[in-house]
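Here are a few notes to read alongside the model as you get to know it.

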Amino acid sequence: MLAGVLLAEAGMFDGRHVVSTQSYGPEARLGAAKSEVVLSEREIVLPEVRRPDIVVCLSAEAYRKHGRPLAPEGVRLVDERAIEDGAEPLPGTIVLPLVSTARGLGPNGELGTNVVALGALVALTGVVTEASLRRAL
């Protein structure tokens with residue numbers, strides 16, 4: 001959820017039109033909660049994501065539940081633990097050690113996995129500028 005809010009704020013700092021929604025219930029802490037962010041150069045008329053350009057999945061459950069079909073040339077950024085042993089990642093998937101990278105930041109580092117993923121996302125896709133992301137942080 002926090003990564004979605006930060007991405008939306010960074011998009012606003014970049015001068016884009018932004019819509020951000022979150023969807024979570026009891027699974028918010030340990031399951032497949034979802035945050036959708038729409039960034040556009042034009043006014044957003046329908047803030048619905050049908051085929052996302054980018055999907056980030058930090059758990060196997062999120063990957064199964066939200067790792068849906070992407071827009072052409074879309075990117076799916078997935079933590080290495082989300083891919084079942086022996087399973088082939090879906091096309092367009094970039095697998096990175098997001099959780100283990102966050103754990104390496106300190107005793108409570110795993111709590112920052114979403115921010116680590118957001119940094120990787122911006123570095124790989126340029127969806128927002130680094131300066132705007134730093135400002136949002």
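1. Let's start just past the end of H1: Gly15 has a positive phi of about 85°. Please keep in mind that this is a predicted model.

2. H1 itself covers residues 2–13, and its twelve residues should span 16 Å at 1.5 Å a residue; the end C-alpha atoms are 16 Å apart, so expectation and model agree.

3. Which residues of H1 are buried? They are Ala3, Gly4, Leu6, Leu7, Ala8, Ala10 and Gly11. Their cover includes strands S1 (17–23) and S2 (34–40), along with helices H4 (113–125) and H5 (130–136).

4. Now look at how H1 and H4 meet. Their axes come within 8 Å and cross at roughly 40°. The two helices are therefore oblique to each other, and the crossing is right-handed.

5. At this contact, Leu2, Ala3, Leu6 and Leu7 of H1 meet Asn114, Val115 and Leu118 of H4. Six of the contact residues are nonpolar, one is polar and none is charged.

6. H4 passes the length check too: its 13 residues should span 18 Å at 1.5 Å a residue, and its end C-alpha atoms are 18 Å apart, which agrees.

7. The buried residues of H4 include Thr113, Asn114, Ala117, Leu118 and Leu121. Partners packing against the buried residues of H4 are H1, H5, helix H3 (98–103), and strands S3 (54–57), S4 (75–79) and S5 (93–96).

8. Finally, H4 is followed by Gly126, which has a positive phi near 65°.

Technical notes. Residues are numbered from 1 along each chain as its sequence is written. This is a predicted model: local features need pLDDT of at least 70, side-chain atom pairs count only at pLDDT 80 or more; totals for chains, interfaces and linings use all residues. Side-chain values use heavy atoms; hydrogens and water are left out. Helices (H or I, at least four residues) and strands (E, at least two) are DSSP runs, numbered from the N terminus. The expected span of a helix is 1.5 Å times one less than its number of residues. Buried means under 20% relative accessible area, exposed over 50%, partly exposed in between (1.4 Å probe, protein chains only). Contact means heavy atoms within 4.5 Å. Axes are lines fitted to C-alpha atoms, for helices over the stretch in contact, and angles run from 0 to 180 degrees between N-to-C directions. Angles under 35 degrees count as roughly parallel, over 145 as roughly antiparallel, 65 to 115 as roughly perpendicular and the rest as oblique. A crossing is left-handed if the near helix is turned anticlockwise from the far one by less than a right angle, and right-handed if clockwise. Ala, Val, Leu, Ile, Met, Phe, Trp, Tyr, Cys and Pro count as nonpolar, Asp, Glu, Lys and Arg as charged, and the others, Gly among them, as polar.
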